[in-house]
Amino acid sequence: MSPIIIGSGPAGYTAAIYLGRSGHKATIIEGLQPGGQLTTTTIVENFPGFPDGVDANQLMDNMRRQAVNCGAEIMHNSVVKADLSQQPYTLTLDNGSVLSADVLIIATGATAKYLGLSDEQKYQGMGVSACATCDGFFYRRKTVGVVGGGDTACEEATYLAGLCEKVYLIVRKPYLRATQAMQQRVMDNDKIEILFETNVTGLYGDDGVEGAHLVHRKGEADEHTSDLPISGLFLAIGHKPNSDLFKPWINTDEQGYIITDGPTPLTNLPGVFAAGDVADPLYRQAINAAASGCRAAMEAIKYMKE
Ligand code: NDP
């Protein structure tokens, strides 16, 4: 019985390492973004074991090689269709081939939402980020913007205010959506200035982000534009868990995060385990994803033994 891991972020690779070391060679279906979300950042300084930081792509490549050394087979494909109506579960890949397995680990991650501006791509890793905890450190004593008005945006703005000289919270509505306590924390912070009814329309800068083009009160009689000098722009407008393929069979919450049985990786289906950001609306850090990959593998091993 060969388990299949869907996804190649820290959760997927860690699950493969643990499975391999217990004698189960896993197949990893790598997906569209080999290495996962971490490959969109630069240096990782909060993953234990690397006192001087580590290049994010190097870290993921190391995990990948470790998984392969433990016997994992990596397929450079994506799953385009799943049928989890009965065991063995079947997965159709983008090359048309069909795989089946009694044990699946879903580690497909989540995708940060972006505004959809071409400048976001142009300055990715050069001033544009969707993770303050990952990248905030690079903006110490600088001025940054955070887009969004929910809990994530308020949390990220508060976190960044501890590092940066000034943080602009750029909110498209005339109010924040975040919980009252989060809002209060932001309002009480002298370093955070909220720009309500404001949208980012573009970014500028020769060698990385030097500022953002803004439009205020869009569509109103007094609509006007301005430029805001900032060194970094953090998107905090939500994440989308990559669970759509599995939703007909796997229980998810209203945002699409896979619901697991308490702190375990068990889903509502026998032999199907969830690991990493696809099942984690709160902590979304590589180290947590890796840890949940370990848990998923341990449960999968127990399941296969039984
Ligand atoms: P939310 O969906 O709650 O908020 C997204 C924010 O981004 C909203 O203010 C929304 O504006 C704004 N937004 C969305 N699209 C755009 C756009 N195109 N341009 C500009 N602004 C945009 O997402 P969060 O990630 O903040 O939170 C997700 C869930 O996780 C929530 O349930 C939250 O409570 C929870 N969470 C809890 C935390 C905690 O308890 N510590 C920490 C972080 C998250 P608008 O209001 O206009 O739609």
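I started with Ser 292, which counts as buried at 10% relative accessibility. My classes are these: buried is under 20% relative accessible area, exposed is over 50%, and partly exposed is in between (1.4 Å probe, protein chains only). The model is predicted, so I took local features only at pLDDT of at least 70 and side-chain atom pairs only at pLDDT 80 or more, while totals for chains, interfaces and linings use all residues. Residues are numbered from 1 along each chain as its sequence is written, and side-chain values use heavy atoms, with hydrogens and water left out.

I placed Ser 292 in helix α7. Helices here are DSSP runs of H or I with at least four residues, strands are runs of E with at least two, and both are numbered from the N terminus. Leaving out residues up to four places away in sequence, I found Ser 292 touching Ala 11, Ala 275 and Gly 276. Contact means heavy atoms within 4.5 Å.

Next I looked at the second largest pocket, which holds about 340 Å³ of space. It is lined by 22 residues, and those closest to its centre are Thr 260, Ala 279, Asp 280, Ser 292 and Arg 295. I noted the rule: on a 1 Å grid over the protein atoms alone, a pocket is an open set of points where a 1.4 Å probe fits, with protein on both sides within 12 Å along at least five of seven lines, and lining residues have an atom within 4 Å of a point. Grid points are joined across faces, edges and corners, and the volume is the space filled by probe spheres set on the points.

Which helix gives the largest share of this lining? Helix α7 (residues 286–305) does, with five residues. By class I noted 13 nonpolar, six polar and three charged residues in the lining. Nonpolar covers Ala, Val, Leu, Ile, Met, Phe, Trp, Tyr, Cys and Pro; charged covers Asp, Glu, Lys and Arg; the others, Gly among them, are polar.

**Entry: cysteines**

I searched for disulfides, meaning pairs of cysteine sulfur atoms within 2.5 Å. The count came to one. Cys 131 is joined to Cys 134, with 2.0 Å from S to S. The link of Cys 131 and Cys 134 is right-handed, with 75° about the S-S bond. Cys 131 is buried at 15% relative accessible area.

Cys 70 counts as buried at 18%. For Cys 154, the closest cysteine sulfur is in Cys 164 at 16 Å, again too far for a bond. Cys 154 is buried, with a relative accessible area of 0%.

**Entry: helix α6**

I listed the buried residues of helix α6 (residues 180–187): Met 182, Gln 183 and Val 186. They lie on the same side of α6, because they cover an arc of only 100° around the axis. The arc is taken from the directions from the helix axis to the C-beta atoms. An α-helix has 3.6 residues a turn, so residues three or four places apart point the same way. On the other side of α6, I found Gln 180 and Ala 181 exposed. The cover over the buried residues includes α5 (151–161), β13 (166–170) and β14 (192–195).

**Entry: backbone**

I found a cis peptide bond between Gln 87 and Pro 88, with omega about -5°. Pro 88 sits in the loop between β6 (79–83) and β7 (89–93). Pro 88 is also among the contacts of Ser 100, with Ile 4, Tyr 89 and Thr 90, not counting residues up to four places away in sequence. Ser 100 lies in strand β8 (residues 98–101) and is partly exposed at 46%.

I then checked positive phi. Arg 217 is not a glycine, yet its phi is about 50°. Arg 217 lies in the loop between β16 (211–216) and β17 (224–228) and is partly exposed at 28%. Arg 284, also not a glycine, has a positive phi of about 40°. Arg 284 is in the loop between β20 (272–274) and α7. Is Arg 284 buried or exposed? At 18%, Arg 284 counts as buried.

**Entry: His 239**

His 239 is in strand β19 (residues 239–241) and is buried at 14%.
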